[in-house]
Amino acid sequence: MSDRTITLIVEQSLPGWRLDTYLRDRFPAVSRGILKRLIEQEHVRVNGEAVKPTHSPVAGEVVTVSFPEARPAEARPEEIPLDVLHEDEDLLVLNKPAGLVVHPSLGHDEHTLVNALLHHCAGTLSGIGGVARPGIVHRLDKDTSGCLVVAKNDTAHLALSGQFAGRTMEKVYQAIVCGGVRNESGVITARIARHPTHRKRMAAVEGGREARTTFRVRERLGNATLVEAALHTGRTHQIRVHFQHIGYPLFGDPIYGRRQTTRLREESGVNPPRLMLHAWRLGFEHPRTGKRVTLEAPLPEDFVATQAALREAVSKSESGTGC
């Protein structure tokens, strides 16, 4: 095994889980596909024995995960400007602009954040999963702006991933939602899973994975509301699904709030340029120093402009001049 071996002890039996699912829960920054491949290539062992990805974890089992030496990344470095909020030898925190895709994928094999980071961090990159690439510990949707932490080495990558898995990372967003949110603050705990029929969507499902979002109202904007939302779990599309679930989908959300966005646009005359969601604050323990790091990304111009336009629409409505 390589010297980058992580040892885990299964705390409770999980008869409904596969081993690759268990590891995905422990290493949220590593894709299930990569973990499955590591298991199949016998880089993962249970009590010293090679197993299949379908193995169900049993309490007391010792799971060792050995990450192979990194090979060169397939993506090409590109000189793309980055808004860096913090950078040191272990990590950097970026203010990601809306519209920038994080990972290369089918149809997005260049001009992504990974391409930019390969240029910016040349020679000092994490190799988790066997590929020398930026250690992007969490993800933001293409049209979501704001704070994104990136690990430069494996030690930082695993430490930050552990904070995400252990729910000690502070993740606070600002969002403009459709409708006047009834309560000044609240907690949303609807479980989240894949939508039963629309497989590219998530949904609040009774048998889904635990999810918890807390929120407070920052400003009332007529038939819209600016909210501050904190994530206490990290489910895909969590804020978008949770606010749709309670009846206030995000303004400009083409998947979970199309109908409500159309109605608000017609009522206010305000056309959102994108999904109105911004990762505003990120807090974590530095993997090397142990000191708390808290960073905030200023609201981008398109978000501020949409907020101001809604505010102006309310003012015109109240003065009787129309929108």
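Modeller: His237 lies in the loop that links β16 (224-231) to α5 (238-245). Helices here are DSSP runs of H or I with at least four residues, strands are runs of E with at least two, and both are numbered from the N terminus. This is a predicted model, in which local features need pLDDT of at least 70, side-chain atom pairs count only at pLDDT 80 or more, and totals for chains, interfaces and linings use all residues. Residues are numbered from 1 along each chain as its sequence is written, and side-chain values use heavy atoms, with hydrogens and water left out.

Start with the backbone. His237 has a phi near 60 degrees, which is positive in a residue other than glycine. Is His237 buried or exposed? With a relative accessible area of 16%, His237 is buried. Buried means under 20% relative accessible area, exposed means over 50%, and partly exposed falls in between (1.4 Å probe, protein chains only).

Now the partners. Leaving out residues up to four places away in sequence, His237 touches Asp141, Met202 and Tyr256. A contact means heavy atoms within 4.5 Å. With Tyr256 there is also a polar contact, side chain to side chain, at 2.8 Å. A polar contact is a pair of N or O atoms within 3.5 Å; within protein, one must be able to donate a hydrogen and the other to accept it, and residues adjacent in sequence count only if both atoms are side-chain atoms.

Next comes α5. Six of its eight residues are buried, which leaves this helix mostly covered. The buried ones are Gln238, Ile239, Arg240, Val241, His242 and Phe243. Just after α5, Gly247 takes a positive phi of about 100 degrees.

Compare another positive phi. Asn47 has a phi near 50 degrees, and Asn47 is not a glycine either. Asn47 sits in the loop between β2 (44-46) and β3 (49-50). At a relative accessible area of 49%, Asn47 is partly exposed.

Another histidine is worth a look. His138 belongs to the loop between β9 (135-136) and β10 (145-151). His138 is buried, at a relative accessible area of 10%. Its side chain reaches the backbone nitrogen of Val149 at 3.1 Å. Beyond residues up to four places away in sequence, His138 touches Cys147, Leu148, Val149, Phe164 and Leu282. Ile188 is 50 residues from His138 along the chain, and their C-alpha atoms are separated by 21 Å.

Then a strand residue. Leu94 is part of β7 (residues 91-96). Its relative accessibility is 2%, so Leu94 counts as buried.

Last, a helix residue. Ala116 is in α3 (residues 113-120). At 1% relative accessibility, Ala116 counts as buried. Ala116 touches Glu78, Ile80 and Leu82, again leaving out residues up to four places away in sequence. C-alpha to C-alpha, Ala116 and Glu79 are 5.8 Å apart in space, and 37 residues apart in sequence.

Step back to the whole chain. The protein has seven helices and 18 strands. Its radius of gyration is 21 Å, close to the 20 Å from the globule rule for 323 residues, so the protein is as compact as a globular protein of that length. That radius is taken over C-alpha atoms, and the rule is 2.2 Å times the number of residues to the power 0.38. The C-alpha trace spans about 75 × 45 × 40 Å along its principal axes. Of the 323 residues, 47% count as buried. Among contacts with a separation of 6 or more, 65% come from residues 24 or more positions apart.

The protein exposes about 15,800 Å², with 48% of that supplied by carbon and sulfur atoms. These areas come from the Shrake-Rupley method with a 1.4 Å probe; for residues, only the protein chains shown count as cover.
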